[in-house]
Amino acid sequence: MTAPATGGAAAVRPTSPGSRKSVSGTRRLVAAGFLLPALVLLGALVVYPIGYSVYRSFFDQAGSGFAGLDNYVEIFTDDTILTAVKNNAVWVVVAPTVATALGLIFAVLTERVRWGTAFKLLVFMPMAISMLAAGIIFRLVYEQDPDRGVANAVWVGVHDTFAESATYPRARPLPVHPLEAAGGGAFITKEPVRAGTPAELPLIGVAAPDMPRDAKPAKAADPTEDQVTGTAWLDFTRGGGGSPNAIDAKELGLKGLKVEAVRDGRVLATASAAADGTFSLPKEADGALLRLPESNFRAQYNGVDWLGPSLVTPAIIGSYVWMWAGFAMVLIAAGLAGLPRELLEAARVDGASEWQVFRRVTVPLLAPVLAVVLVTLMINVLKIFDLVYIIAPGSVQDDANVLALQLYRSSFGTDAHLGVGSAISVLLLLLVIPVMFFNIRRIRKETRR
């Protein structure tokens, strides 16, 4: 008879079903304990507001009467809210597409240059700026005055390079002066001019900043029998004094003012005033009328009304792209760094040009990354509020309106309509859900690969 073994490893006892259930229940309780705070916050900050917004959207402004679908009908019948819906559609289509395209271009082009990292840093830096600060920056960039707004300063500079600007905008004669209106903004002498008798062309209305810096004190032209001479000057003395139609010591010549000799509607000769305002015309001008053409006086080109009704939405979209193109570039550059280089080299060896490699190899391989960027930006622009609220002036805010801004305007203020505001918030939720559903499906497909 063999004695039972007393040494070695102890025999393993099988776990009973009751013990397994007890361990599983304990784990569930521990997991629930860890999840409970997050679930409470999620319910209080997300689920309850969504549920209450849906509930409130079916009631009237006071919240005491059931309104049915009236608030939703108002969204698509009220002109202001309908403009917000249309603008949101423009935002969703244009802003993510342009930002993603620029990010792709920047990522591809900076991959082969030495200073690519520095360039990426500069492009990404706007992401460190808040929407509030970016809105203030671009409100100044789009300022109408070229002396303050960078966009118009550049635009006016380019325009003035190819188009002649006015010499003295808003200049004009007084009723007692020897000039009268000639139509179209031009002025003409009341009497013909004669050789040997200097003509006098006094004007007023020229602001000090519009005067040439090298303008000199006006002086009377020297009479000559073989020329028609004259003086064009600013008939205004600082500090008062002086006599009309007379050249005073402190009055300046209108340098560069164009003078035309006209007879029977035909221009005989043209001259420009010197720094002291004097000018001379050939003898053929004797007996003609002197005309100051409209080109001397038309208002200076003041640039583009970036924040006007027609351009305010594209202008704000431009500021958004400035901020988020860097975000798109960084994500796409990360995806580009992970591409299999042998595929790109194989395409080049097979004779593909760089454009063909980019279009047929690089872009298809980057499709998952591009989808992430595009979907992220689409969700982001559906909630755009800050830039529109800050950049768009009050006079055109209805033209630049978007749903998030209209939600704010409908929900707060003296004439707030919480029913309409809640309906807009539900509409925004419904617009975001398909994009989120697409993103979830894409993530699942990536996980299965």
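Predicted model: local features only at pLDDT ≥ 70, side-chain atom pairs only at ≥ 80, totals over all residues.
Local features need pLDDT of at least 70 and side-chain atom pairs count only at pLDDT 80 or more, while totals for chains, interfaces and linings use all residues. Residues are numbered from 1 along each chain as its sequence is written, and side-chain values use heavy atoms, with hydrogens and water left out.

The search of the whole structure finds 21 aromatic pairs. Rings of Phe, Tyr and Trp (its six-membered ring) pair if their centres lie within 6.5 Å; planes under 30 degrees apart are stacked, over 60 edge-to-face and the rest tilted. Tyr 55 and Phe 59 form a tilted pair, because their ring centres are 4.8 Å apart and their planes stand at 45°. Phe 59 also pairs with Phe 66. Here the centres are 5.8 Å apart and the planes at 90°, so the pair is edge-to-face.

Phe 59 is buried at 15%. Tyr 55 is partly exposed at 49%. Phe 66 is exposed at 64%.

Five strands form an open sheet in the order 1-2-8-5-6, with antiparallel pairing. Strands are DSSP runs (E, at least two residues), numbered from the N terminus, and two of them pair if DSSP finds at least two bridges between them. Strand 1 (179-183) and strand 6 (266-272) are the edge strands, each pairing on one side only. Four bridges join strand 1 to strand 2 (residues 186-189). Ala 181 stands opposite Phe 187 in strand 2.

Definitions and conventions
Buried < 20%, exposed > 50% of the residue type's maximum accessible area, 1.4 Å probe, protein only.
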